[in-house]
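Here is a guided walk through one protein chain, written for someone meeting it for the first time. Please take a moment to look at the sequence and the structure before reading on.

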Amino acid sequence: MEFKSKIKTIEWIRDKNVSRMVDQLVIPYEYKLVDIKTSDEMFDAIKTMIVRGAPAIGIAGAHGIALAALEIAKDTKKPQEFLQKLKERAQYLKSSRPTAVNLMWAVDKQYDYIKNSEKTVDEMVQMLIDHAVELENEDIEINKKIGDYGAALVTKKGATILTHCNAGALATVGYGTALGVVRSAFANDNTIQVFADETRPRQQGARITTFELAMDGIPVTLITDGMSGYFMNKGMIDMVVVGADRIAANGDTANKIGTYNLAIVANYHNIPFYIAAPLSTIDTSIETGIEIPIEERSHEEVTHINGKTVCAQGVNVINPGFDVTPASLIKGIITEKGVLYPPYSESIKKVFNLLEV
Ligand code: MRU
């Protein structure tokens, strides 16, 4: 069943040729929209996390290519030169964040869409804008399908679903992946509730997940990251659903740092641990999670909270933004084509039609 969510995270504005997005840096204090007008601004918006969450930064990348195309078309009307310059801009945009493969997927999809089109530069620009809008609309449809497949797994009335980070409407164009499952489950049973991990260091769970669920009227309880085992042990959690930034061909899954710990605790307590993600998050070019590049982020995210230091001066810090949960801890991967089950090396091949015959 469909749940009406009020949030649209990112949208191409045709009459202005800008990418309009929710500024996630000021949530929950403000709900503010910003217009991104150039490909340089888009690079910064992704890097500084004005826009964040794998599917959302994928669409940001697609919009970034449309902006780059508009810029390049002012300098040249020669198709080959245009394509060469666009390719360079594509590389640049892809370097804004390393882990979420949706960014590379969307940017490459944009470039591939026009590279052999043999159209004029202005026609290619228009094609890229139209294609970006298509990908944007598709994202919401995909999330609704993920939501419905996931909701079918929520069989207990009044179930409590635990999630980590933000894999909601604000991490996608709208509706969400893990929170898409929650939204669809809530449409079927409005007694379900969510427990949200705070998600240190950037607190996407506290700042963003609780904000968007409250906005949509879905009951949510905020806990700190270390509390999940306590509540699982008390029998208060029925299932865990999280998003993903990149899934390897064997099902190993990178998601926000702390996801791996959560998967271990859930498995220890026999609580089903699910990943909800579109197929664009699956990177079949890599065999296992070891190959997934993990973003190392600013140490200040760990040493400071709200601009105030929380530790001894000069302390040693490491701050990986993501970790990899081994496939063996994942009960299922909820996609827009249905739920994939182990062995993932087979179910993933099957869903991409990669099986040898
Ligand atoms: O660093 P972020 O906030 O971009 O990390 C986001 C996550 O890890 C999400 O869980 C993931 O991208 C899935 S979003 C549907």
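The paragraphs below go from the domains to the contacts between them, then to the cores, and end with a few details of the backbone.

Before we set out, please keep in mind that this is a predicted model. The domain assignment gives domain 1, covering 10-143, and domain 2, covering 147-356. If you take the centres of domain 1 and domain 2 over their C-alpha atoms, they are 25 Å apart.

How do domain 1 and domain 2 meet? On one side, 29 residues of domain 1 take part, and they are in contact with 34 residues of domain 2. Together the two domains bury about 2,600 Å² between them, and carbon and sulfur atoms account for 57% of that area. On the side of domain 1, three residues deserve a look: Arg52, Thr99 and Asn143 supply 25% of the area that domain 1 buries against domain 2, more than any other three residues.

Several helices of domain 1 are involved: α2, α4 and α5 each supply at least two residues of the side that touches domain 2. Of these, α5 gives the largest share of that side, with five residues. The count of salt bridges between domain 1 and domain 2 is one.

Which residues have the most contacts inside the largest nonpolar core? That core has 48 residues, and the ones with the most contacts inside it are Met21, Met42, Val51, Phe82, Leu86 and Ile114. The elements giving two or more residues to this core are the strands β1 (10-13) and β3, along with the helices α1 (39-47), α2 (54-75), α3 (79-94), α4 (101-115) and α5 (121-151). Here α2 makes the largest contribution, with 13 residues.

Leaving aside residues up to four places away in sequence, Phe82 touches Ala69, Ile72, Ala73, Thr76, Ile114, Val121, Met124, Val125 and Leu128. Apart from this core lies another one, of 27 residues, which includes Leu162, Ala263, Ile333 and Ile348.

The peptide bond from Ile27 to Pro28 is cis, with omega near 15°, and Pro28 sits in the loop between β2 (18-22) and β3 (33-36). Another cis peptide bond runs from Pro342 to Pro343, with omega near -5°. Pro343 belongs to the loop between β16 (338-340) and α11 (344-351).

Two asparagines complete the tour. Asn270 has a positive phi, near 55°, though it is a residue other than glycine, and its place is the loop between α9 (259-268) and β10 (273-276). Is Asn270 buried or exposed? With a relative accessible area of 71%, Asn270 is exposed. Asn306 likewise has a positive phi, near 50°, and is found in the loop between β12 (304-305) and β13 (308-309). Asn306 counts as exposed because its relative accessibility is 71%, where the cut-off for exposed is over 50%.

Notes:
Residues numbered from 1 in each chain as written. Predicted model: local features only at pLDDT ≥ 70, side-chain atom pairs only at ≥ 80, totals over all residues. Heavy atoms only, no water. Helix = DSSP H or I, 4+ residues; strand = E, 2+ residues; numbered from the N terminus. Buried < 20%, exposed > 50% of the residue type's maximum accessible area, 1.4 Å probe, protein only. Core = buried A, V, L, I, M, F, W, Y, C linked by side-chain atoms within 4.5 Å. Contact = heavy atoms within 4.5 Å. Domains from an automatic or database assignment. Buried area = accessible area lost by both parts, 1.4 Å probe. Salt bridge = Lys/Arg side-chain N within 4 Å of Asp/Glu carboxyl O.
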